[in-house]
Amino acid sequence: MRAPFHDPLIIPLEGEYLGLSTDLRFSGVMTRTSPDLVNWSEPFPLLPETPASVTNLVGTKFFWAPELVKRGDIWRLYCCASRPGKTQSVIGLAEAADPKGPFTYLGDVIASQHSPDHNHANAIDPCVIADREGKDWLIYGSFFGGIRILPLKENGFRDAFDEGKLIAAGGHKACEGAYCFYDEKRGRYVLFTSWGDLGVDYHIRVAYSQDVTGPYVDAQGYEMTDPDPIHVPGDKLVGGYNFDLPDLPGVMATGHNSLMQDDTGLYIVHHARPEGDRRRPFLQVRRLLLNDEGRCLAWPLTRDEHALTPVDALPENWRFVYLCRYNTGVVYGRPVCIADAQPIHQGTQLRLTLFCKEWDGYVYRQGDKIACTLISPDGEALWGVAE
């Protein structure tokens, strides 16, 4: 069945996928399994019950946005719960020998109390990243006090007793859902964050750092902690879109991503909502490509049974979606004759001049569709689909 997903995390296992997400219909940390990333089982809990320390602090038995990582032979589940609209939240740690559980709750990793000024860190949306030396770090936080990073001990609990270092947002900016990975080839860390109204203009931005603790910098040279609202830090990667093509319906509120690597490639995993409909969100899985500079490009089409293959010749008529950093709503596809964009096409590489910008990226065929994903020097995204 097509299952509702919010704040998705997908773990490839032998012959199947494990999908974790926020689910406020059931207690415990909910997960599902799927053979194909399309058809999902009924949810089942990884924790047998909500720990008393969690319910005592936040007054709820429901968990948000879990993180699951394997360390040695042990799976570590970082789960969070919160009083909505407040910074009264907790991130806890559970362990199991099997990723499907059952997990044993070991204790609270970090808790945050509500403050009237809403400026303190909020203990939600955990992400665990191992640095190049193998040490684990916890990235967490949201709108209120921004995105923070804390060192973890070998046992998975925190190795510091403050809120951690600010690495993105802060100052009541609408930012949450951080996810980080280490690009080993280029020796740097890539930080994804989600911005905007959860139900309408949610979108994903990306920035890069040579050190796990930052600073994370976008293509314009702005740090993700830049307080100037005019700068809009972060390269826009994914946002609401509608190609205005009959078989590609529009979506909005694309955000709260994780990454998944399987034997077919690297994918960005996030949720979205149908355009104009705030109903329960659904899962989107799309290829994530890195260019020679290590900059991220998201593929405009979601994953299906078809691989990406080279294109011999470019079709004449296209629809292009310009994911401008200042437009956070749904962007409609504009018809373009490809010759007018002065294309330079060599193999899978594509360069265009469009919307008064230079764009570089990739073009591929996926099944019966030809599409491209490109970026500008200042970190904006351009998606195209041939008509």
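Predicted model: local features only at pLDDT ≥ 70, side-chain atom pairs only at ≥ 80, totals over all residues.
Four strands line up in the order β9-β10-β11-β12 to give an open sheet, and their pairing is antiparallel. The edges are taken by β9 (127-130) and β12 (165-168), each of which has a single partner strand, so one side of each is left without a neighbour in the sheet. Going from one strand to the next, the twist averages 35°. As a reminder, strands of a sheet pair through backbone hydrogen bonds, either parallel or antiparallel. Between β11 (residues 146-151) and β12, which run antiparallel, there are three bridges. Within this pair of strands, R148 sits opposite L166 of β12.

Next comes N257, which is part of strand β18 (residues 251-262). With a relative accessible area of 2%, N257 counts as buried, because the cut-off for that label is under 20%. What surrounds N257, once neighbours within four places in sequence are set aside? The contacts of N257 are G177, Y179, F192, S194, I204, I268, V269 and H270.

I11 belongs to strand β1 (residues 9-13). The relative accessible area of I11 is 11%, and this residue is buried too. Apart from neighbours within four places in sequence, I11 touches E16, Y17, L18, L68 and W75. How far apart in space are I11 and L259, given that 248 residues separate them in sequence? From C-alpha to C-alpha, the distance between I11 and L259 comes to 9.2 Å.

Definitions and conventions. Residues numbered from 1 in each chain as written. Heavy atoms only, no water. Pairing = 2+ DSSP bridges. Helix = DSSP H or I, 4+ residues; strand = E, 2+ residues; numbered from the N terminus. Axes fitted to C-alpha atoms, helices over the stretch in contact; angles between N-to-C directions. Buried < 20%, exposed > 50% of the residue type's maximum accessible area, 1.4 Å probe, protein only. Contact = heavy atoms within 4.5 Å.
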